[in-house]
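Please have the model open while I talk.

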Amino acid sequence: MASVTSLSDSVQQHLASALSAVRPEAAGADPLLRRSDRADYQANGILALAKKAKANPRELAGEVVAQVTTGDLIADVEVSGPGFLNITVSDRAITENLAARYADDTGRLGVPHAAHPGTTVIDYAQPNVAKEMHVGHLRSAVIGDAVVQMLEFTGESVVRRHHIGDWGTQFGMLIQYLDEHPHELDHKDAQDSADTQASGEEAMSNLDRLYKTARKLFDSDEEFKTRARRRVVDLQAGDPHTLAVWQKFVDESKIYFFSVFEKLDMEVRDADIVGESGYNDMLAETCRLLEESGVAVRSEGALCVFFDDIKGPDGNPVPLIVQKSDGGYGYAATDLSAIRDRVFHLKADTLLYVVDARQSLHFKMVFETARKAGWLNEDVKAHQLAFGTVLGKDGKPFKTREGETVRLVDLLDEAIDRASAVVREKAQDLSEAEIAERGTQVGIGAVKYADLSTSANRDYKFDLDQMVSLNGDTSVYLQYAYARIRSILRKAGEVRPAAHPELALAPAERALGLHADAFAETVTEAAREYAPHKLTAYLYQLASLYTTFYDKCPVLKAETPEQVENRLFLCDVTARTLHRGMDLLGIRTPERL
C-alpha cells in the first residue's frame with residue numbers, strides 16, 4: 001500500500017496553493033504549519049512573507065483565507081493576532097485519514113519509505129573481550145538498536161557493526177598469565193550447562209576475575225610485565241599457540257555477550273561482530289596512505305596528524321597518533337582502517353557511531369583525518385551519535401555502594417524483579433509463568449524506555465522506582481494503555497471496529513485522532529535525526545490522549561451502534577500505533593497485564 005498523506009501535509013499543500021494564488025512570487029514558500037492549542041493547526045509563515053513583500057500581514061492573511069476552500073478537509077480558517085492563520089480540519093477528514101492508515105495491510109500504518117534511501121553502517125554495542133559488560137555499555141546498545149530499527153523501517157539499507165575490543169596489549173598480559181597459571185581455567189572444561197545465558201555469565205565472571213588478577217600482577221611485577229609485552233609481539237606476529245589462546249578468550253566472551261544481548265531482547269549476529277582485530281591487515285597500508293599523501297607526518301618517531309583548531313591547554317597542537325614511535329598501532333589506526341573498509345568495501349554513504357560523548361574529540365580528529373585523506377567527502381559522511389552518562393539517584397556516575405562499576409546483568413535482573421512485583425500486584429488471571437514472562441518484558445522495556453526517552457547527548461538518572469512506575473512518562477504506562485485497549489477489544493465480542501466518517505467527533509476523539517495521524521511524520525523525523533526520544537515523546541502523548549478519551553468517551557456503552565464501532569476503531573488505531581512504535585524502540589507490548 002502507498003503511504004498516506006498526513007492531515008498536516010494536506011493542509012500545508014492547500015495553504016501553499018492559496019499563498020501562490022495571492023502572491024505568485026511566493027510559490028514554494030513554507031506556510032510554517034504547526035499544531036496549536038487554539039485550533040488544530042496554526043500557520044505562521046505569512047508574517048515573513050508580508051515583511052519581504054512590505055505588505056500588511058493581517059491583510060495578506062485575509063487574502064489567503066479568501067483563497068482557501070473549506071469543506072471535506074478544512075472546516076474553518078481564521079486570521080489571528082498579527083497575521084497567523086488558525087485552521088480547524090473537519091471531523092470527516094480525521095476519520096477518513098485514520099481509516100486509510102488502518103487499512104494498510106503491511107502493518108506500516110501509512111509510514112512511507114524514504115524517497116532516496118542509502119546505506120548506513122552503524123557502529124554500536126561495543127563490549128570488550130574478557131571484561132564484563134557494565135552500565136556504561138547500556139546506552140550504545142539500546143540507542144543503537146532503536147536507530148537500526150527506525151532506519152530499516154523507513155527503507156534505509158543498514159549494516160550493523162559491533163566494534164568489540166578484542167586486540168591490544170591487555171591480551172599479551174592475559175595469555176601470558178594463563179600460560180603460567182594453566183589451572184586458572186581448568187574448571188571451565190568441566191562446565192556443561194544447557195542454559196546458554198547462565199553458562200555465558202559464568203564463563204564471563206571467570207574471565208573477568210582472571211583479567212583482574214593478571215592486571216594486578218602486571219602492575220606490580222616488572223618481570224611479568226616484560227614477558228607479557230613479549231607475548232603481545234607473538235600475538236601480532238601470528239604465533240599459532242598464542243593466537244589459539246587469544247581465540248579462546250574471544251569465543252568465551254562472545255557466549256557471554258550473546259547472553260546479555262538476549263536478556264536485553266536485542267538481536268546481535270555473529271557476522272556483524274567485527275572487532276579491532278578485523279582490521280589488522282589494513283593498519284600498515286592505512287599508515288602508508290596517510291604518510292604518502294602528507295596527511296600524517298612523523299613527529300619524534302610517531303606518525304601523527306595535526307589540526308589547526310585542536311590545541312592543548314598549553315597552546316600546543318594536540319595530534320592524533322596513528323602509529324607510535326615503537327611501531328605499534330593505536331585506536332586511531334584501527335578506526336581509520338574501519339572507515340576505509342566501510343566506505344570502499346561496504347559502500348556506505350553514511351557512517352554512524354553510537355559512542356560515549358567523552359570520545360567526541362577522538363572521533364572529531366579521526367573524521368577530519370579521513371576527510372583530509374579523501375575517504376570522507378560530500379557523498380560519504382560520518383556522524384557520532386554521542387550519548388551522555390548514566391547517573392545514580394545522587395546525580396553522580398552510577399556505582400555500587402563499594403564504588404565499583406555496576407554490572408549490566410545485575411542491573412537488568414533487578415529491573416526484572418521490580419517489574420515482576422508490579423505485574424504480580426496488578427495481575428488478573430495470570431499464571432506464575434505468565435507473570436515471569438511479563439515481568440521480563442516490562443522490566444527490560446522500562447530500562448530501554450528510560451534511556452531512549454532522554455535525548456542521547458544528555459546524562460540521565462537511573463531510577464528503577466520511577467522506571468517501573470505506572471504513572472508518568474514510563475514504558476509501563478504505555479504497556480498498560482495498550483493492554484487496556486486489547487481488553488476492551490476482547491470485551492466487544494462480535495462487534496468489530498469500523499470507521500464512520502459521517503459521525504461528529506467529541507473533543508477528546510479529535511485530539512486522539514489528530515495525534516494518531518502524526519505517527520508517520522514522527523517516525524520519519526526520528527529516523528532522519530537519529531532521535532528515538534522524539535518517538536518516545538510522541539507515544540507518551542498518544543497514551544495520555546487515549547487515557548483522556550477513555551475517561552470522557554464511553555466505548556462499549558456509546559449512544560449508537562455506529563458510535564461504538566467508531567470508538568472501537570479509534571481504540572484499535574491507537575493500539576496498533578502503540579504496538580508499532582514500541583516495537584521500533586525494541587520494547588514488547590504484552591496483550592494482557
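Predicted model: local features only at pLDDT ≥ 70, side-chain atom pairs only at ≥ 80, totals over all residues.

Strand β5, residues 119-123, and strand β6, residues 157-161, run in the parallel sense and are joined over five bridges, with V121 standing opposite V159 in β6. Between these two strands comes helix α5, residues 138-153, and β5, α5 and β6 together make a right-handed β-α-β unit.

β5 also pairs with strand β10, residues 350-356, again in the parallel sense, here over four bridges, and the bridge partner of D123 in β10 is Y353.

How much of β5 is buried? The strand is mostly covered, with five of its five residues buried. If you follow the side chains, T119, V121 and D123 point one way while T120 and I122 point the other way, and the residues on either side are buried.

Now to the second topic, the second largest pocket, which holds about 640 Å³ of space. Its lining consists of 19 residues, and those nearest the centre are Q428, A483, R484, S487 and L593. Two elements, α17 (475-491) and α20 (532-552), each give two or more residues to this lining, and α17 gives the most, with nine residues.

Notes:
Residues numbered from 1 in each chain as written. Heavy atoms only, no water. Buried < 20%, exposed > 50% of the residue type's maximum accessible area, 1.4 Å probe, protein only. Pairing = 2+ DSSP bridges. Right-handed = clockwise from strand over helix to strand, strands pointing away. 1 Å grid on protein atoms, 1.4 Å probe; cavity = no way out; pocket = protein on both sides within 12 Å on 5 of 7 lines; lining within 4 Å. Points joined across faces, edges and corners; volume = space filled by probe spheres on them.
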